[in-house]
Amino acid sequence: MKVIVNEQTLELVFEKDLVASNLDEQTKTIKNSLKENTDVKKVSLNFENVKELDSLGINLVIATFKEADEKKKEFSIFNTSTSIKNLFHLFKLHTYFDIS
Amino acid sequence: MNKIKLSIENKEIDAIVEEFIEEFSVPISSSTDNPDDDVLLITDKEDLIIPNQIKSSSILICNLSHLISEKKIRKFNNIVQIYKNDDIGKISIYPALKDIISKENNPDVHTYYFSCHSLINNIDYVAKQIKDITEYFEIDEQTIFYINIVLRELMLNAIEHGNNENYDKTVEIIFSLHLLDNICILSIKDEGDGFDWKNRSEMIENEDILRNRHRGIFIVENIAEKINIKKNKISVQLRFKEKE
């Protein structure tokens, strides 16, 4: 996973699909990045390289949102495919944060 | 070398394979990560090497299935079994040719059978094979995505809850495409005691979606056209469109 800190935004770029077999390493990187970048005001997940996900991947997204929200940081997801966007809408996640 | 075993109780195996190679000489290459690997077809009579031309084992299965449905192969008495041995354990993949034959060679129904050990990494392998099959039949992208996620949720449930992640317990997957009716059916069977889907499904209706439970069930319930559960086997029907 690529971690980009730009001004006050922490951008996390997934480089693998968000499925059960890939999650351990990505979860660790997200936790560490949030711990190391307490000054940022916004956390963004870049889904450019995510083509597939499962419920555990969705759990990771929601857990990241909750952590960012607790720390009063803005949260968004961008570069999602239409299929993934439709899935997030099924969970009504667009009512909690921006998805584009 | 990546080994693919063709186990067919039929004396005409050489003719079948020869016809297959002649008919589909282009689209075959092994599913191995190394594109230079050859594929070894082990038959009851002799081993045949198909050099680096099989695109993937699922395409091989598709093509074999076509040969049968087009009545080019008539005397199959048994299923074709293709398997791959690698570090993550044995995975068997074969089309349920008996089904095809029993439907009087209905060319519009294609059925594929997979079985694997209870390992999370095997989900990726089966998902890739089914993705290849659905792309081969030009199913629309949204449905391919839905099939993929439903498969992942059902396999995850079978491995984690059904088989308690016991490597030696098997997960069986049957995927069938009914081209005339535009439906596909995914059936997953584990070695557990059965799954109380209805209870869990009712629980999620009253839950805050941000709570971390039963999202897999929610996904399957919202995507599937029909769900049928019999003890430790769940079958899910999805409707698809052809690619525009």
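Tutor: In chain B, strand β6 (residues 109-117) and strand β7 (residues 170-178) run antiparallel and are joined by nine bridges. Strands here are DSSP runs of E of at least two residues, helices are runs of H or I of at least four, and both are numbered from the N terminus. Two strands pair if DSSP finds at least two bridges between them. Within this pair, Ser115(B) has Glu172(B) of β7(B) as its bridge partner.

β7(B) also pairs with strand β8 (residues 183-189) of chain B, again in the antiparallel sense, over seven bridges. There, His178(B) is bridged to Ile183(B) of β8(B). Four residues lie between the strands of this hairpin, and Asn182(B) takes a positive phi near 55 degrees.

This is a predicted model, in which local features need pLDDT of at least 70, side-chain atom pairs count only at pLDDT 80 or more, and totals for chains, interfaces and linings use all residues. Residues are numbered from 1 along each chain as its sequence is written, while chains are lettered from A and ligands numbered from 1 in the order in which they are written.

Next, the packing. The largest nonpolar core has 61 residues, and those touching the most other members are Val126(B), Val150(B), Leu151(B), Leu154(B), Met155(B) and Leu186(B). Such a core is a set of buried Ala, Val, Leu, Ile, Met, Phe, Trp, Tyr and Cys residues joined through C-beta atoms within 7 Å. A residue is buried if 20 or more other C-beta atoms lie within 10 Å of its own, exposed if 12 or fewer, and partly exposed in between, with C-beta atoms placed from the backbone. α5(B) supplies the largest share of this core, twelve residues. Beyond its neighbours within four places in sequence, Met155(B) is in contact with Ile123(B), Val126(B), Val171(B) and Ile188(B). Contact means that the C-beta atoms of two residues, placed from the backbone, lie within 7 Å.

Then the interface. On chain B, 19 residues are in contact with 14 residues of chain A. Two or more residues each come from α4 (120-136), α5 (141-162) and α7 (215-223) of chain B. With eight residues, α5(B) gives the most to this side. By type, the side of chain B that touches chain A has eight nonpolar, six polar and five charged residues. Ala, Val, Leu, Ile, Met, Phe, Trp, Tyr, Cys and Pro count as nonpolar, Asp, Glu, Lys and Arg as charged, and the others, Gly among them, as polar.

Finally, confidence. pLDDT is the predictor's confidence in each residue, from 0 to 100. Chain B has a mean pLDDT of 65, with 48% of its residues at 70 or more. Among the elements of chain B, α5(B) has the highest mean pLDDT (94) and strand β3 (residues 47-50) the lowest (36). Over residues 23-59 of chain B, pLDDT stays under 50, and over residues 67-105 of chain B it is below 50. Where pLDDT is low, the predicted coordinates should not be read in detail. The model scores ipTM 0.93 and pTM 0.74.
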